[in-house]
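Welcome! Here is a short tour for anyone meeting this structure for the first time. Have a look at it, then read on.

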Protein chains: 2
Amino acid sequence: MKNHRNEHTRERILDEAEALFALKGYHAVSVREITGAAQCNLAAVNYHFGNKQKLYLEVYRQRWLPRAERVHQSFQDSLKSEQAPSAGTVVQSLARAFLEGPLSDEERNRHLRLVVGELSQPTEAFDQVIERVFRPLLGSLISDLRAAMPADMDQEQAVLNAFSIMAMVLYFNLARPVIKAVLGATDGSDLQTRLIDHLVEFSLNGIAGGKWETGK
Amino acid sequence: MKNHRNEHTRERILDEAEALFALKGYHAVSVREITGAAQCNLAAVNYHFGNKQKLYLEVYRQRWLPRAERVHQSFQDSLKSEQAPSAGTVVQSLARAFLEGPLSDEERNRHLRLVVGELSQPTEAFDQVIERVFRPLLGSLISDLRAAMPADMDQEQAVLNAFSIMAMVLYFNLARPVIKAVLGATDGSDLQTRLIDHLVEFSLNGIAGGKWETGK
DNA sequence: GTCTATAGCAGGATAGAC
DNA sequence: GTCTATCCTGCTATAGAC
């Protein structure tokens, strides 16, 4: 009975499993590695979750989903304070919710890597990700965007705009090392902030097509 | 000696390995699966490539790299025909090189999935991908963009613009199923073309910041 | 709920015949 | 170059003591 650690074994397993799955992907991580990191016994995974696959699904259900909802909430909260948010505000709120919102750097990295994993190699968690998170988030984003520029943006345009923004959010996180490498030693200062600024300006102009002013 | 198939075993293994690695990722594919698909013996992988890891690297060297160079070439060729290409032409050439250029749909899907794999879970192939393909391509793109709008775009801006375009190219391929799901049964017609149009317009506006005209 | 011990198996790799 | 046969490691999963 080595278990005098503050957190319960089950929770520690979820934490370590999430970190490892995000870092290496499902198949590259062994149950031994997870239980080793969680400092518990090999058998604990089967006891608490049944098997490795079910552990993975629980990571999504109990760690990833709530966090995704926090991000969505943060996005909506920062919009609720305004009555008729401009497109600029909408895009900025979204970018901030993802890139500097309620998540720590480490959490955000885990979170986005996991979703990229599901996008590129879908498992049983895929449907959850799409239906319970992606679709609602895109729904919010699209309706907010359309409200901000009611004139001549049809549904498909709005969807594609939303996807383009998500593309940058995901990619700027995933390719951070590459971006750093290419930009060279120029950084040191807050690359993160400059990325957000760029993302907001780029996508705002992308959406607006030069037709609306950013109010910048 | 079952080998009366047109292609040499070594080549068939490379083909099938690439398809499987792209589809499922390195760790999710077994050597048995590869040799099964290539209709050859299990031992053939070790005979021809040494081990699984070296096979994976050969897939990059002998299949992925040349294809990446074809795409880059296609991008540059379509620009060479013009003397002072506008930013719109540059972006459109890039998008077309990737999304409807020299690659078939299947090839393109493989190609982009493999690179996303390396981005999200780097292996020994990562450096090759960055140094021999990514950096040169970004270099071309950046210098073309800066030539097209010499006024006030600094190096970092150009880099971030280039990354934003690449983000959309990669993501629009990866998330194609999601996009289809969200857009619903609206498609049928050529989604591909509409995606390219959107990508070009979005990123052109994103780059130009409303300051340049697209000439559209 | 946590542990030890082990069953049972799949995967990578090799030796050696052809 | 290709095949068969086999080794052996490392994995998931389970049974059962505590």
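This is a predicted model: local features need pLDDT of at least 70, side-chain atom pairs count only at pLDDT 80 or more; totals for chains, interfaces and linings use all residues.

Chain A is assigned two domains, domain 1 (1-50) and domain 2 (59-208).

- The centres of domain 1 and domain 2 of chain A, taken over C-alpha atoms, lie 29 Å apart.
- Where they touch, domain 1 of chain A contributes 10 residues and domain 2 of chain A contributes eight residues.
- Between them, these two domains of chain A bury about 890 Å², with 50% of that area on carbon and sulfur atoms.
- On the domain 1 side, the residues losing the most area to domain 2 of chain A are L14(A), E18(A) and A22(A), which together make up 60% of what that side buries.

**Charges between the domains**

- Four salt bridges are found across the interface of domain 1 and domain 2 of chain A.
- E18(A), one of the residues that lose the most area on the domain 1 side, has its side chain in a salt bridge with that of R110(A), at 3.6 Å from N to O.
- Five residue pairs, both at pLDDT 80 or more, are in polar contact across this interface of domain 1 and domain 2 of chain A.
- Sorted by class, the side of domain 1 of chain A that touches domain 2 of chain A has six nonpolar residues, four charged residues and no polar ones.

**The nonpolar core**

- In soluble globular proteins, nonpolar side chains tend to be buried together.
- The largest nonpolar core here has 158 residues, and those touching the most other members are F21, L55 and Y171 of chain A and F21, L55 and Y171 of chain B.
- Leaving aside residues up to four places away in sequence, F21(A) touches several residues, including Y26(A), I34(A), L55(A) and L114(A).

**Where chains A and B meet**

- The contact takes 44 residues from chain B and 44 residues from chain A.
- On chain B, F163(B), Y171(B) and F202(B) supply 17% of the area buried against chain A, more than any other three residues.
- Two salt bridges are found across the interface of chain B and chain A.
- The side chains of E156(B) and R194(A) form a salt bridge, at 2.7 Å from N to O.
- Between chain B and chain A, 10 residue pairs are in polar contact, both residues at pLDDT 80 or more.

Note on methods: Residues are numbered from 1 along each chain as its sequence is written. Chains are lettered from A and ligands numbered from 1 in the order in which they are written. Side-chain values use heavy atoms; hydrogens and water are left out. Domain bounds come from an automatic or database domain assignment. Contact means heavy atoms within 4.5 Å. Buried area is the accessible area (1.4 Å probe) that two parts lose on being put together, summed over both. A polar contact is a pair of N or O atoms within 3.5 Å; within protein, one must be able to donate a hydrogen and the other to accept it, and residues adjacent in sequence count only if both atoms are side-chain atoms. Ala, Val, Leu, Ile, Met, Phe, Trp, Tyr, Cys and Pro count as nonpolar, Asp, Glu, Lys and Arg as charged, and the others, Gly among them, as polar. A nonpolar core is a set of buried Ala, Val, Leu, Ile, Met, Phe, Trp, Tyr and Cys residues joined through side-chain atoms within 4.5 Å. Buried means under 20% relative accessible area, exposed over 50%, partly exposed in between (1.4 Å probe, protein chains only).
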